[in-house]
Amino acid sequence: MGKLKKLTEKLFKPKKEKNAGNGLYATLEELMEQRRYVPYLKNYQFNHVVSSRAGDVKSAFKGRGMELEEIRSYAFGDDVRDIDWRVTARRQTPYTKLFAEEKDREIYVVLDLSAHMVFGTRVELKSAAASKIAALFGWLSLENKDRFGCLVYDGEEVYVFKPQSSRAGMMAVLKKISEVGKRILNQSHSGSLAKPLQILQKTVKGRAAVFVISDFNEFDEASRKIMATLAKKTQLYCINVYDVLEDNAPKAGEYMAASGQERLVFETRAKSFRRAYHAYFAGKREALQDFCRRFSCRYIPVRTDERPFYKPLLRP
């Protein structure tokens, strides 16, 4: 009986948590596994800035990595971007700011896990893919001795994690991401990105790197204004997570779409419909790209079925 019991438990025991997500949400183990992609990003992506913390550590994020040390009279050859216009106006002669190397940087991720992210037709949901990308940036920050902070937004609540450079802090972030990702499968909320961005705007310091990971479906005017302000004092990245079905209409045929109690039957055989379908998503993507070009943000599109995750981040 003892051997039979052990065999039964072995055959019918629940699967490990690592496989429990099934593309619906990112488990804690899956988020921890993103660390294996860090070497690829360190070797191939982002401008490197040397940090003096714990020796010469290369930061994997763009930025000057400098902090103000003193203000002196402007000399020929000084960078005009460093002119202190307030002092210059008061003294009626040019003054420039001198900077000392910054010891570390703050890296922030704004992770959108609101209702519209709970969608996907290939491999996994947008929310699961976004969660893994957030974890990847977190591990990359720790690897480079930068302080990692995260704002997890479920469409209603914002869970704020202040920048830390410890593994314990990183694990707390990953646990919350996995917890929220699982919970929104049963209960999700819609909300504007302006809410987490507004919180970030009040706390972020200059020269930080900010990664906004979302499908930007709720990219309203309030969100644009805050992101435009953030782009002036931080290095801002827009990680646009999308599903292939959002970019291209399904194969020719008749389909039903459901949202709550609402049902909609639509036909995809007509070429005009397929063109309009593609143009709608392309228009929204172009609007976001225009915003990024205007405010010098980095635009990075990531499709949920693309593997591995670091590849889209390597695109110029």
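The structure is a predicted model, in which local features require pLDDT of at least 70 and side-chain atom pairs count only at pLDDT 80 or more, while totals for chains, interfaces and linings use all residues. Residues are numbered from 1 along each chain as its sequence is written, and side-chain values use heavy atoms, with hydrogens and water left out.

**Overall content**

- The protein has eleven helices and twelve strands; these are DSSP runs numbered from the N terminus, with helices (H or I) of at least four residues and strands (E) of at least two.
- Of its 316 residues, 46% count as buried, where buried means under 20% relative accessible area, exposed over 50% and partly exposed in between (1.4 Å probe, protein chains only).
- Among contacts between residues at least 6 apart in sequence, 71% join residues at least 24 apart; contact means heavy atoms within 4.5 Å.

**Helices H7 and H8**

- The axes of H7 (residues 194-203) and H8 (residues 221-233) come within 9 Å and cross at roughly 30 degrees.
- That angle makes H7 roughly parallel to H8 (under 35 degrees is roughly parallel, over 145 roughly antiparallel, 65 to 115 roughly perpendicular and the rest oblique).
- Axes are lines fitted to C-alpha atoms, for helices over the stretch in contact, and angles run from 0 to 180 degrees between N-to-C directions.
- H7 passes H8 in a left-handed crossing, that is, the near helix is turned anticlockwise from the far one by less than a right angle, whereas clockwise would be right-handed.
- H7 contributes Ala194, Leu197, Gln198, Leu200 and Gln201 to the contact, and H8 contributes Ala222, Ser223, Ile226, Met227, Thr229, Leu230 and Lys233.
- By class, this contact has seven nonpolar, four polar and one charged residues; Ala, Val, Leu, Ile, Met, Phe, Trp, Tyr, Cys and Pro count as nonpolar, Asp, Glu, Lys and Arg as charged, and the others, Gly among them, as polar.

**Buried residues of the pair**

- In H7, Ala194, Pro196, Leu197 and Leu200 are buried.
- Seen down the axis of H7, these residues fall within an arc of 160 degrees, so they line one face of the helix; the arc is that of the directions from the helix axis to the C-beta atoms.
- The buried residues of H7 pack against strands E5 (106-112), E6 (147-153), E7 (158-164) and E8, as well as H8.
- In H8, the buried residues are Ser223, Ile226, Met227, Ala228, Leu230 and Ala231, and they pack against H7, strand E8 (209-214), strand E9 (235-242) and helix H10 (271-294).
- Leu197 of H7 has a relative accessible area of 0%; beyond its neighbours within four places in sequence, Leu197 is in contact with Val110, Val212, Ser223, Ile226, Met227 and Leu230.

**Other buried residues**

- Arg105, in the loop between strand E4 (95-101) and E5, is buried at 4% relative accessible area.
- The C-alpha atoms of Arg105 and Arg147 are 6.1 Å apart, although the two residues are 42 apart in sequence.
- Asp247 is found in helix H9 (residues 244-247) and counts as buried at 11% relative accessibility.
- Residues up to four places away aside, Asp247 touches Tyr242, His278, Phe281 and Arg285.

**Positive phi angles**

- Most residues other than glycine have a negative phi.
- Gln92 has a positive phi near 65 degrees; Gln92 lies in the loop between helix H4 (85-91) and E4 and is exposed, at 69% relative accessible area.
- Phe216 has a positive phi of about 60 degrees; Phe216 lies in the loop between E8 and H8 and is buried, at 6% relative accessibility.
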